[in-house]
Amino acid sequence: MLLNASGCLDALTAPHVARSLDAYVTKTVTPLPRGGNEPVRIAETELGMLNSIGLANPGIDRFVDEYLPRLAELGVPLWVSVGGFSVADYVQCVARVDRYPEVSAIELNLSCPNVDAYEQPTAEIVEAARAETAKPLYAKLSPAVPDVAAVALAARDAGADGLSLVNTIRGLALDERTLQPSLARGAGGLSGPALRPIALAAVYACYAATHMPIVGMGGVESGRHALELLAAGASQVALGTVLFSDPGAPARIRAELVQETSQRGFASPGNATGVAHAAGLAEPEAFESAHPVSA
């Protein structure tokens, strides 16, 4: 199952790309409208892209009144990403989108590096959000913590149904001429190829600790990259930075993934989930027999 990483695709501008996904994840929405950080907010580096958008969004009221009906017309399952700066912020957003049957799942953005962080424990936010909805609830976590698996366990025990791993990690780029920060805010969130090994490590650790459903993301540019995230423990894969340069990436990566898994003897991509943890199982078929997973 292929999704987009939140904030990496404007479905209303590129509906054909959104329809090529198995589900569309919205940009993070907060209770009040946010203009985001001052420009410059995006900078390219040799290893990926830096952004400091800062959760720019129309606010929950305008989102559900104006944007949600139009997104529902896409005909793909909708995941709504919500964020905030207090437990009450998350509760307000979750309670509001819970009313809409067109919302298939809710993702709690607990990991944005481009706003002044809210330091409340993950478990408190997840527990409060869980009380407001019966919809699938995914916790999006940052890799920039001492023990991401411990945070994942806290999210699971508080009521999360799954994990989104990972958000960007803080990085800095300097202007070649002035040697000043390229982004107005200074540091920003690094995405793209450099994030891939970090994402793999987080998915691997969190799957081993929790065995929860995981949406793996971070630097995916090919079917092989998607397969590696599945092998590490992801059950779904999200595309991020690649969508900016290659709108056809979902179809291409899907085809490459099917080819990669078929060549390795897997009946379907879903059967590759967690195979990197199968010590001593030399053949894919042996792991599939012990760990049947639907595609």
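Is Leu3 buried or exposed, and what is its relative accessible area? I looked this up in what is a predicted model. Leu3 is buried, with a relative accessible area of 0%.

**Entry 1: Leu3**

I located Leu3 in strand 1, which covers residues 2-4. I then listed what Leu3 touches, leaving out residues up to four places away in sequence: Leu21, Ala23, Val25, Trp79, Val215, Gln236, Val237, Ala238 and Leu239.

**Entry 2: the aromatic pair**

I searched the whole structure and found one aromatic pair. The ring centres of Trp79 and Tyr138 are 4.7 Å apart and the planes stand at 45 degrees, so I recorded the pair as tilted. Trp79 belongs to strand 5 and Tyr138 to strand 7 (residues 137-140), so the pair ties together parts that are 59 residues apart in sequence. I noted that both Trp79 and Tyr138 are buried.

**Entry 3: helix 3**

Which residues of helix 3 (residues 87-97) are buried? I noted Val87, Asp89, Tyr90, Cys93, Val94, Arg96 and Val97. I next looked up what these buried residues pack against, and found helix 2 (60-72), strand 5 (78-82), strand 6 (103-109) and helix 4 (122-130). Strand 5 is also the strand that holds Trp79.

**Entry 4: helices 6 and 7**

I examined how helix 6 (residues 196-210) packs with helix 7 (residues 223-232): the angle is about 25 degrees and the axes are 8 Å apart. Angles under 35 degrees count as roughly parallel, and helix 6 and helix 7 are therefore roughly parallel to each other. From helix 6, I listed Arg196, Ala199, Leu200, Val203, Tyr204 and Tyr207 as making the contact; from helix 7, I listed His225, Glu228, Leu229 and Ala232. Sorted by class, this contact has seven nonpolar, one polar and two charged residues.

**Entry 5: Thr168**

Where is Thr168 placed? I found Thr168 in the loop between strand 8 (162-165) and strand 9 (169-171). Its relative accessible area is 10%, and buried means under 20%, so I recorded Thr168 as buried. I also looked for a partner of the Thr168 side chain and found a polar contact with the side chain of Asn167, at 3.5 Å.

Notes. Residues are numbered from 1 along each chain as its sequence is written. This is a predicted model: local features need pLDDT of at least 70, side-chain atom pairs count only at pLDDT 80 or more; totals for chains, interfaces and linings use all residues. Side-chain values use heavy atoms; hydrogens and water are left out. Axes are lines fitted to C-alpha atoms, for helices over the stretch in contact, and angles run from 0 to 180 degrees between N-to-C directions. Helices (H or I, at least four residues) and strands (E, at least two) are DSSP runs, numbered from the N terminus. Angles under 35 degrees count as roughly parallel, over 145 as roughly antiparallel, 65 to 115 as roughly perpendicular and the rest as oblique. Contact means heavy atoms within 4.5 Å. Ala, Val, Leu, Ile, Met, Phe, Trp, Tyr, Cys and Pro count as nonpolar, Asp, Glu, Lys and Arg as charged, and the others, Gly among them, as polar. Buried means under 20% relative accessible area, exposed over 50%, partly exposed in between (1.4 Å probe, protein chains only). Rings of Phe, Tyr and Trp (its six-membered ring) pair if their centres lie within 6.5 Å; planes under 30 degrees apart count as stacked, over 60 as edge-to-face and the rest as tilted. A polar contact is a pair of N or O atoms within 3.5 Å; within protein, one must be able to donate a hydrogen and the other to accept it, and residues adjacent in sequence count only if both atoms are side-chain atoms.
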